[in-house]
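Subject: Structure handover

Hello,

Here is the structure we spoke about. My notes on it follow below.

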Amino acid sequence: MKRVATFAFYAIGALAIAYLALYAYATFRGQPIIPGDPIHIFRKPDAPSYS
């Protein structure tokens, strides 16, 4: 039981750190995150469209 509690503690901590990292990224990025908007991270403007 102690091992399960330790694992749950570390899992919750990892989720909290990931949430804070995502929040910091969204805050310092400058653009609001709009649901349904595609993510443009490594997309070149002159890349061909395959869709």
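Buried here means under 20% relative accessible area, exposed means over 50%, and partly exposed lies in between (1.4 Å probe, protein chains only). This is a predicted model, so local features need pLDDT of at least 70 and side-chain atom pairs count only at pLDDT 80 or more, while totals for chains, interfaces and linings use all residues. Residues are numbered from 1 along each chain as its sequence is written, and side-chain values use heavy atoms, with hydrogens and water left out.

The protein chain has 1 helix and 0 strands; helices (H or I, at least four residues) and strands (E, at least two) are DSSP runs, numbered from the N terminus. H1 is hardly covered, with a count of 0 buried residues among its 28. For the 51 residues of the protein chain, the buried share is likewise 0%.

The length of H1 agrees with expectation, because its 28 residues at 1.5 Å a residue should span 40 Å and its end C-alpha atoms are 40 Å apart. The expected span is 1.5 Å times one less than the number of residues.

Leu 20 lies in H1, which covers residues 2-29. Leu 20 counts as exposed because its relative accessibility is 54%.

There is 1 aromatic pair in the structure. Phe 9 and Tyr 10 form it, edge-to-face, at 5.9 Å centre to centre and 65° between the planes. Rings of Phe, Tyr and Trp (its six-membered ring) pair if their centres lie within 6.5 Å; planes under 30 degrees apart count as stacked, over 60 as edge-to-face and the rest as tilted. Both Phe 9 and Tyr 10 are exposed.

Regards
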